[in-house]
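I opened the model today to look up a few items. My notes follow the order in which I checked them.

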Amino acid sequence: MIEIKDLSKRYGNFQALDGISMTIDAGTVFGFVGPNGAGKSTTMSILATLLLPDSGIAKVSGFDVTKHPKEVRRRIGYMPDFFGVYDRFKTDEYLHFYGASYGIARSEREKLIPQLLELVNLSDKKEAYVDGLSRGMKQRLCLARSLVHDPEVLILDEPASGLDPRARIEMREILKELKRMGKTIIISSHILPELAEMVDQIGVIEHGRMVAQGKVSDIQSRLRVNRVLHIRTLARQEELAAKLRDEAHVSRVLSDANGIQVHFSGQDVEQMQLLRRVLDWEYEVVSFNEAQTNLEDVFLEITKGGAAT
Amino acid sequence: MSLKNKAGGGSLWINPVLDKEFRLRMRTPRSFVALLIYVMVLGLLAIGFIYVTTGLQDQQSGGRFDPSVSRVLFYVLSIAQLVLIAFMTPALTAGVISGEREKQTLNILLTTQQSSSAIVLSKLFSSLAFMVLIVLATLPVYSIVFLYGGISPSQLALVFLFYLFTMLLLGALGIMCSTIFKRTIISVIMTYGMTMFIFAATGVAYLLMLAIVQQSYYSGTVPPKYSWVGFILGLNPVGALVSIFEPGISKQAFLVNSGNLQGKAPIALWLQFLLVYSVVIVGALWVAIRRIRPVRRKRREDDFDAPNNGASAGEVAEMKPAEGMKNDK
């Protein structure tokens with residue numbers, strides 16, 4: 001469905017993309033992870049026919065983005081990371097405009113737009129002016145806009161950025177529904193946990209290079225090689241911290257007002273054994289949990305793995 | 001849920017971008033304020049002119065406002081309107097593309113099925129349509145001229161057609177700058193710069209060249225049939241407009257037969273204006289249409305047509321660190 005080979009793009013002295021390659025099969029939800037400036041938006045802009053690569057090839061449904069941009073546009077729904085809306089439009093007028101821009105007849109749009117508004121939970125905002133919508137609603141409206149021509153592929157650049165937790169959950173639910181509808185989705189984020197739940201495959205990009213690519217479960221298990229545990233006790237925290245330093249698989253222990261932070265290289269079994277030992281020592285454990293893996297950890301782990309192979 | 005679509009959206013006459021521009025432009029009070037101010041300025045100019053003229057004539061002819069004076073009023077109004085158009089058109093067009101870019105709506109528009117030419121021309125025509133509305137709104141002011149006589153409706157129609165062409169010219173330059181320059185403020189400055197060049201620089205250049213040419217023109221034994229200096233005035237909108245009122249001005253501009261005006265001008269000023277700037281309009285629109293989207297360059301055909309050829313991207317799809325990252329370490 002999406003094929004990218006040796007794609008490169010340079011802005012002046014800055015190498016935004018440095019020969020990235022990937023393939024995304026039809027019906028796959030592909031998570032594109034990387035820090036700001038890694039090249040996610042550039043790759044997506046090239047796929048959306050908004051940018052030309054300096055070299056390499058990008059194809060959507062077999063159509064080269066540089067040779068057949070019109071065919072590509074027909075097949076993609078694009079939602080940029082930053083987007084504006086025409087403030088003086090009403091919500092349904094906004095969708096009518098884009099529907100007409102894709103050549104959809106008015107009678108067809110009259111049937112389609114209520115369905116789209118329902119999908120993104122904006123049915124009650126049909127008559128509302130776009131500038132009166134919250135950021136989350138605007139994001140959902142933009143998502144509905146990207147679906148107006150029933151594209152095969154959705155290119156969503158940080159669709160949940162700047163949203164409050166509730167709006168993020170709503171956006172996630174909509175994406176799950178789109179996944180169920182069989183859309184091929186390429187979605188970017190700089191927060192891995194945000195993507196982990198909904199994507200089938202993941203690609204990690206840094207400095208314009210694909211650092212790792214594969215199934216989420218593979219990447220996650222790889223990341224779990226070095227985990228951070230948070231332990232909180234009612235009393236004797238320093239004593240426990242000192243004991244933990246001598247434990248196997250523990251590389252580092254920090255103790256502060258928030259509790260004990262343990263850098264642990266064991267697997268689930270070793271983690272369970274550590275917890276059992278702490279309880280056997282009769283410490284009053286309030287909490288014992290694993291910190292969510294953030295992007296820096298991802299990069300750290302993958303880069304280490306790369307060096308080892 | 002089915003999201004099937006069919007081709008054939010939009011009206012035959014109004015494409016979606018034009019429709020959107022029409023709707024949104026009239027939903028802001030700014031448009032109505034601009035219209036009001038424009039008509040007021042022209043109306044005050046006409047009333048002021050009549051007041052001053054009748055005041056001057058009062059002592060001579062008892063407050064009469066005869067057709068010859070009304071003809072002068074028509075000229076004054078027409079030139080004032082041309083200057084107002086020169087002020088308004090760049091303001092309306094120089095931000096249409098860069099403004100969308102700044103509002104971050106352009107990228108979304110560019111991923112639709114609308115062609116570059118449809119986007120550029122719709123934006124231009126919607127801006128010009130508003131200018132036409134403004135100019136038509138001044139017709140009641142022109143009715144003062146008809147009240148006193150001295151001007152034929154065909155002259156008025158010609159002047160309005162000339163305005164239309166001038167708007168098209170300035171609008172095309174505005175939209176070209178709006179496409180080339182990322183920021184609206186730069187685009188506006190550049191468009192006003194070009195407008196100033198067309199209106200002021202050509203006029204000043206004509207006057208300077210005329211002074212130089214006239215010095216040498218009469219010193220020769222056999223003066224040429226006409227002077228090239230008229231071609232400079234043919235680039236000036238005011239010169240071209242006056243040549244519509246007074247066809248004889250073309251001969252004067254070209255110093256035909258050393259000024260005895262018996263011969264014919266090589267070309268009427270308005271016609272030269274039309275021909276030269278038609279090329280400029282086409283060129284400016286071509287640049288705007290070319291620049292709005294990235295342009296595909298000729299490149300070497302790659303053997304990537306078959307997705308699984310050789311070392312395809314599929315190989316990279318395996319979970320492994322990328323080559324480049326290894327090199328980095």
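**Surface patch on chain B**

I started with nonpolar surface. B:Met209, B:Ile212, B:Tyr226, B:Trp228 and B:Phe231 make a nonpolar patch of about 480 Å². I keep in mind that this is a predicted model. I then looked up one of the patch residues. B:Met209 sits in helix 9 of chain B, residues 184-217. Its relative accessible area is 30%, so I log B:Met209 as partly exposed.

**Chain B overall**

Next I took the totals. Chain B has 15 helices and 0 strands. It holds 329 residues, and 44% of them are buried. I get about 16,700 Å² of accessible surface for chain B, with 67% of that belonging to carbon and sulfur atoms. I also checked contacts in chain B between residues at least 6 apart in sequence. Of these, 77% join residues at least 24 apart.

I moved to chain A. Strand 9 (residues 201-206) pairs with strand 10 in the antiparallel sense, over 6 bridges. Within this pairing, A:Val204 has A:Ala212 in strand 10 as its bridge partner. Is strand 10 covered or open? I find strand 10 (residues 209-215) of chain A mostly covered, with 5 of its 7 residues buried.

**Open sheet in chain A**

I traced an open sheet of 4 strands in chain A, ordered 12-13-11-14, with antiparallel pairing. Its edges are strand 12 (250-256) and strand 14 (285-290), each of which pairs on one side only. From one strand to the next, the twist averages 15°. Inside the sheet, strand 11 (residues 227-233) and strand 13 (residues 259-264) of chain A run antiparallel and are joined by 5 bridges. There A:Arg227 has A:Phe264 of strand 13 as its bridge partner.

Which helix packs on the sheet and touches strand 12 of chain A? I find helix 9 (residues 237-245) of chain A, which also touches strand 11 and strand 13. Its direction makes about 170° with that of strand 12. Helix 10 (residues 268-280) of chain A lies across strand 11, strand 13 and strand 14, and runs at about 170° to strand 14.

**Salt bridges**

A search of the whole structure gave me 23 salt bridges over all chains. I looked up several.

- A:Lys9 and A:Asp54 meet through their side chains at 3.9 Å, N to O. A:Lys9 is in strand 1 (residues 2-11) of chain A, while A:Asp54 is in the loop between helix 1 (40-47) and strand 4 (55-60), 45 residues apart. A:Lys9 is buried at 11% relative accessible area, whereas A:Asp54 is partly exposed at 40%.
- A:Glu239 and A:Arg236 form a salt bridge at 3.2 Å, N to O. I log A:Glu239 as partly exposed at 37% relative accessibility, and A:Arg236 as partly exposed at 40%.
- B:Glu100 and B:Lys20 form a salt bridge at 2.7 Å, N to O. B:Glu100 lies in helix 4 (residues 96-102) and B:Lys20 in helix 1 (residues 16-25) of chain B, so the pair ties together parts 80 residues apart in sequence. Both B:Glu100 and B:Lys20 are buried.
- A:Glu71, A:Arg74, A:Arg75 and A:Glu152 are linked in a network of salt bridges.

Terms used. Residues are numbered from 1 along each chain as its sequence is written. Chains are lettered from A and ligands numbered from 1 in the order in which they are written. This is a predicted model: local features need pLDDT of at least 70, side-chain atom pairs count only at pLDDT 80 or more; totals for chains, interfaces and linings use all residues. Side-chain values use heavy atoms; hydrogens and water are left out. Buried means under 20% relative accessible area, exposed over 50%, partly exposed in between (1.4 Å probe, protein chains only). Helices (H or I, at least four residues) and strands (E, at least two) are DSSP runs, numbered from the N terminus. Two strands pair if DSSP finds at least two bridges between them. Patches are made of residues with over 30% relative accessible area and no salt bridge: like charges are joined within 9 Å, nonpolar side chains (Val, Leu, Ile, Met, Phe, Trp, Tyr) within 5 Å. Accessible areas come from the Shrake-Rupley method with a 1.4 Å probe; for residues, only the protein chains shown count as cover. A salt bridge is a side-chain nitrogen of Lys or Arg within 4 Å of a carboxyl oxygen of Asp or Glu. Axes are lines fitted to C-alpha atoms, for helices over the stretch in contact, and angles run from 0 to 180 degrees between N-to-C directions. Contact means heavy atoms within 4.5 Å.
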